[in-house]
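Please look through the model below with these notes beside you.

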Amino acid sequence: MKKTRELSNFFYSQYFADGLRITIGCIVPILICATLGKFLLGTYISLGALLVGLSDTPGAPSHRRTGMIACLIVCILTQFITFLANGNIWIMSLVIGSLCFIYSMFAVFNARAATVGSMGILIMLIYVDDINSFQEEVMLLLYFTIGAVWYMLISFSLTQARPYRLAQQELSETVRHVGDFIRLRANFYDPKINIDDNYSKLIDKQIEVHEHQENVRDLLFQSKRSIKDTTKVGRYLTLTFNDIVDLFEQAMTTHYDYELIRKEYGDTGILKDFKHLLLKIANELDHLAYQLNANRAPKPLYNFKDDIEAILRAIEARERTENINGIPLKKILISIRNITIFIHNIYNYGVIRPNNIKKQEIEEASKFIQTEHIDLRKLKDNLSFNSSIFRHALRMAIVMAATYLILNIQSLNIGTMGSYWVLLTIMVILKPGFGLTKERNFQRLLGTIIGGVIGAIILMTVHSEVARFIILIFFFLIAYSLFRVNYIMAVMFMTPYVLIMLSFSGLNTFEVAKERIFDTFLGGMIAFLSSYIIFPNWESFQIKKSVRELLIANYRYLSQAVRILSGEEITVTSYKLSRKQLYIASANMGSTFQRMLSEPKWRQKSTKEVNRLVILNHILSSYGATLLTQLTEATDTNYTKEHLILLKKILTNVSKSIEAVPVKDGEEFVAVSDFPEITPETLDPAESKLITEQLQFLNKISSDLYKSTLDVMEKESTIHTQQIEMANG
């Protein structure tokens with residue numbers, strides 16, 4: 001049943017919708033032209049649809065429209081330049097180097113611009129070995145434009161007909177990943193599971209949640225119409241997303257040291273109840289995600305009230321019979337109950353009038369989104385070896401131009417496809433960081449080999465052209481549906497699709513298959529070696545900047561507590577903006593660390609220390625979320641001068657950690673200087689004691705974080721000194 005649900009969920013997903021849209025855009029021109037006996041003409045037209053379709057990445061409709069138009073202009077201009085330069089190896093090498101550098105630098109603007117740049121390089125490679133007459137070149141430009149416009153018409157029409165579908169699908173993915181996050185949280189209540197290992201998995205999942213949250217913000221809030229929307233669907237999606245973000249923060253809260261919880265309450269059996277309840281909540285979120293994806297009216301799967309009351313009774317019974325302190329367990333239960341309240345509210349939005357619900361953070365949603373304006377100052381600021389994008393662009397230009405030049409020396413036999421496959425492989429595999437290049441290299445080679453074998457088997461066993469064409473369409477659809485989900489699988493389906501397509505042109509497809517596998521291996525080796533030798537960009541170069549940004553974000557998030565205790569009124573928008581910045585910094589730090597792990601062993605001398613620092617930061621932000629939740633939901637009557645002193649120590653430790661990570665042109669940091677005076681005595685001794693214990697643990701974590709930061713900086717400094725000594729011989 002679960003496998004069936006996952007399969008149907010994929011077919012409802014945005015990934016399959018993207019694949020279907022590109023497939024329709026590419027296959028329809030081929031079918032029409034094939035019936036007219038102009039199969040080759042259809043492939044020229046479909047090329048325009050394919051490249052513009054690949055640039056049509058998720059985002060606000062206005063951004064997608066701008067991206068597709070930019071892609072069309074860039075591709076036409078690139079084709080024209082390529083046609084002029086073809087025929088002269090030296091001029092073409094210069095053009096390849098120049099365009100690869102320029103288009104790779106598009107990444108300084110945003111991800112959409114980077115994709116447009118990649119399409120510009122791709123169209124250049126497709127025509128890099130073609131020499132045509134002027135009339136033929138004009139016709140090719142015309143066919144490409146027809147295909148591009150055809151795809152844009154499909155995309156615009158679908159967006160107009162179903163304006164909220166993309167947001168609905170992306171929101172569904174977000175909900176599903178939040179469910180996975182809670183499932184990992186449940187593991188903390190299982191004594192058999194290692195806490196540090198689970199934290200590492202949790203941080204990886206947090207990165208995914210953040211990426212999808214940003215995509216939903218882009219889709220929902222870039223348009224003022226979406227924010228102020230009077231339609232029930234638009235308002236429902238907006239409110240649901242807002243509550244899912246709050247639910248995610250509630251899921252992050254940590255009320256106690258998990259080691260201590262396991263030690264003190266492991267024998268009570270209540271921790272198993274907590275884990276079971278959290279797993280049920282994760283299943284409920286999976287269920288909600290599926291219903292959103294399937295465009296169905298959401299209906300709850302469970303009633304959590306009975307489970308919560310049963311656990312509460314069990315805690316109270318243990319308090320009476322075993323005289324244990326049940327307040328920490330009750331705090332955990334309250335946090336879980338708050339999560340279920342968010343889920344209950346989301347289901348209610350489907351049956352009430354959501355237009356009447358006003359939330360400040362939704363009305364001020366424009367503050368939460370990142371604009372995608374093209375700022376030429378970014379390009380100027382990145383024209384330096386300190387920029388990883390600049391180093392990558394130079395590497396791409398040198399490697400692509402040199403490879404083309406060497407492969408086109410007359411004494412080399414580069415096969416029926418010319419230098420296309422080798423250059424294409426380099427373009428796809430070569431990434432700004434060594435780790436990404438290494439990972440993509442393995443995926444491309446493995447996918448090509450398996451796909452080549454599958455394609456050969458099909459060509460040997462399936463002789464009907466109609467059957468082959470149907471298989472071709474299926475492979476095409478699946479390949480481009482999996483392109484953003486599973487690259488290995490995408491290449492596995494793409495390779496046989498290419499071989500079947502070439503079989504219709506009369507080429508010896510077995511020779512082409514062997515050439516493709518060899519060229520993929522050759523291109524992969526060139527890309528891998530160049531990322532190691534030519535202006536290498538190790539993630540350890542970026543680690544100091546990422547660490548500092550994360551520490552500053554954590555400090556600013558925690559400093560909200562001081563403002564609240566000072567009596568300052570913190571707006572919901574202000575609080576959530578600081579929370580969003582913390583999520584962004586955490587995701588960036590986690591991504592940097594993941595890429596570090598795939599670098600050569602001699603570059604991984606500080607990974608143990610960095611891993612410890614990342615985990616401590618996550619624990620600090622989790623406890624910070626707990627503290628801020630308590631402050632915003634209660635008065636300061638339970639907060640004493642001792643609590644304030646502990647909070648000051650915590651912020652001082654984080655401040656010292658920031659100062660220990662100096663970064664050239666780094667983000668400016670100003671520590672909190674004004675701390676409030678708290679005089680009232682506590683009214684609830686038990687509550688005050690728990691707060692004291694939480695702050696004491698938070699103080700310990702912040703102190704450990706400072707030590708860990710010093711360890712990372714010391715290790716990085718040692719590595720840097722060793723490199724200088726090696727360079728000087």
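1. Just after H4, Gly87 takes a positive phi of about 105°. Helix H4 itself covers residues 61-85, and its 25 residues reach 36 Å from first to last C-alpha, close to the 36 Å expected at 1.5 Å a residue; helices here are DSSP runs (H or I, at least four residues), numbered from the N terminus, and the expected span is 1.5 Å times one less than the number of residues.

2. Please keep in mind that this is a predicted model, in which local features need pLDDT of at least 70 and side-chain atom pairs count only at pLDDT 80 or more, while totals for chains, interfaces and linings use all residues. Residues are numbered from 1 along each chain as its sequence is written, and side-chain values use heavy atoms, with hydrogens and water left out.

3. Asp56 lies in the loop between helix H3 (39-55) and H4, and with a relative accessible area of 4% it is buried (under 20% relative accessible area, with a 1.4 Å probe and protein chains only). Its side chain is joined to that of Tyr151 by a polar contact of 2.8 Å (N or O atoms within 3.5 Å, one able to donate a hydrogen and the other to accept it; residues adjacent in sequence count only if both atoms are side-chain atoms).

4. Zero disulfides are found in a search of the whole structure, a disulfide being a pair of cysteine sulfur atoms within 2.5 Å. Cys26 is buried at 3% relative accessible area, and Cys33 is buried at 8%.

Methods
Helices (H or I, at least four residues) and strands (E, at least two) are DSSP runs, numbered from the N terminus. Buried means under 20% relative accessible area, exposed over 50%, partly exposed in between (1.4 Å probe, protein chains only).
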